[in-house]
Amino acid sequence: MKKFYTIYLLSFSVLFFSCSDSTEDEFEEVNEDAAELYLEKIVIELPNNEGIETVNINYDQDGKVTSGNNSDGAVFLNYQESGDLNSYTDNNETISMSELYQAPYDAFEVGQILSYYDNGNVENIEVIDDTSYPEQTLYGTITYDTNPSAYFYTLKAAGILDVLDSVDLNFGLQAEEIIKARNLLPYNNITSMIFENAEGLTQYEVHIDYTYNSDNYPIAAIITATSTESTDVTEVTYTYR
């Protein structure tokens, strides 16, 4: 469960779009006249006084992402002469993008997508909760605001969009059901995720309240995550270039 939650909420890393003209057209169709804003800093105030995590994103003079850093260290992005992302270096280890193209990855071990909204955002999902014993299958419903995703143009500036368009995920347990990794991230910002078990009882729920700037991008978020055992509140602030 934590694995899927992280994929969706902090997937700058979260965060899975194609950089093709058609995909950008779709993004702009959903978010008509959206300004191109690029994240420069994300500050995460962890729950229960566990501290503050700051993510800094650095750009070159041409507007391409060159590196990012937090308390765990720094990640450096390396580009080909064509401008395509070639590799990244993390803790002195360099990972080539070509390694990610080996496919398909068996995503059914995490879960599967059940349905999409008309605008392309994922609506219903099935995930494996590996924090319980025995493991259980949970069924989630995701809702969104109507404003542009905070991460889209930053991912574009990092060259990640093209990479994710080339990564295949297998969501079929018995027969292969291949989708592009880019199909997992939304055009808009997630406002809630509610997960129920097979009996229809809510096991986890996440609600996100945003504050927006004049361009309708999030500048702050309060994330309230509730399980059957506890409730945690995380506060996030976003700074753009």
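Analyst: Start with a definition: two strands pair if DSSP finds at least two bridges between them. The model is predicted.

User: How do you know that S4 and strand S5 pair?

Analyst: S4 and S5 (residues 85-90) share 5 bridges in the antiparallel sense. At least two bridges are needed, so S4 and S5 count as paired. Within this pairing, Val 75 stands opposite Asp 90 in S5. The hairpin of S4 and S5 has 5 residues between the strands, and Gly 83 there takes a positive phi near 100°.

User: What makes strand S3 and strand S4 a pair?

Analyst: S3 (residues 65-70) and S4 (residues 73-79) are joined over 4 bridges, again antiparallel. The requirement is at least two, therefore S3 and S4 pair. S3 and S4 form a hairpin with 2 residues between them.

User: Why is Val 122 called buried?

Analyst: Val 122 has a relative accessible area of 2%. Buried means under 20%, so Val 122 is buried. Val 122 lies in strand S9 (residues 122-129). The C-alpha atoms of Val 122 and Tyr 144 are separated by 9.6 Å, with the two residues 22 apart along the chain.

User: And why is Asp 33 called exposed?

Analyst: The relative accessible area of Asp 33 is 73%. Exposed means over 50%, so Asp 33 is exposed. Asp 33 sits in the loop between helix H2 (21-30) and strand S1 (39-45). Asp 33 also belongs to a surface patch of negative charge, whose members include Glu 32 and Glu 36.

Methods
Residues numbered from 1 in each chain as written. Predicted model: local features only at pLDDT ≥ 70, side-chain atom pairs only at ≥ 80, totals over all residues. Heavy atoms only, no water. Patch = residues over 30% accessible without salt bridge, like charges linked within 9 Å, V, L, I, M, F, W, Y side chains within 5 Å. Areas by Shrake-Rupley, 256 points an atom, 1.4 Å probe, with all protein chains shown as cover. Salt bridge = Lys/Arg side-chain N within 4 Å of Asp/Glu carboxyl O. Lys, Arg positive; Asp, Glu negative; His and termini not counted. Charge placed at Lys NZ, Arg CZ, Asp CG, Glu CD. Buried < 20%, exposed > 50% of the residue type's maximum accessible area, 1.4 Å probe, protein only.
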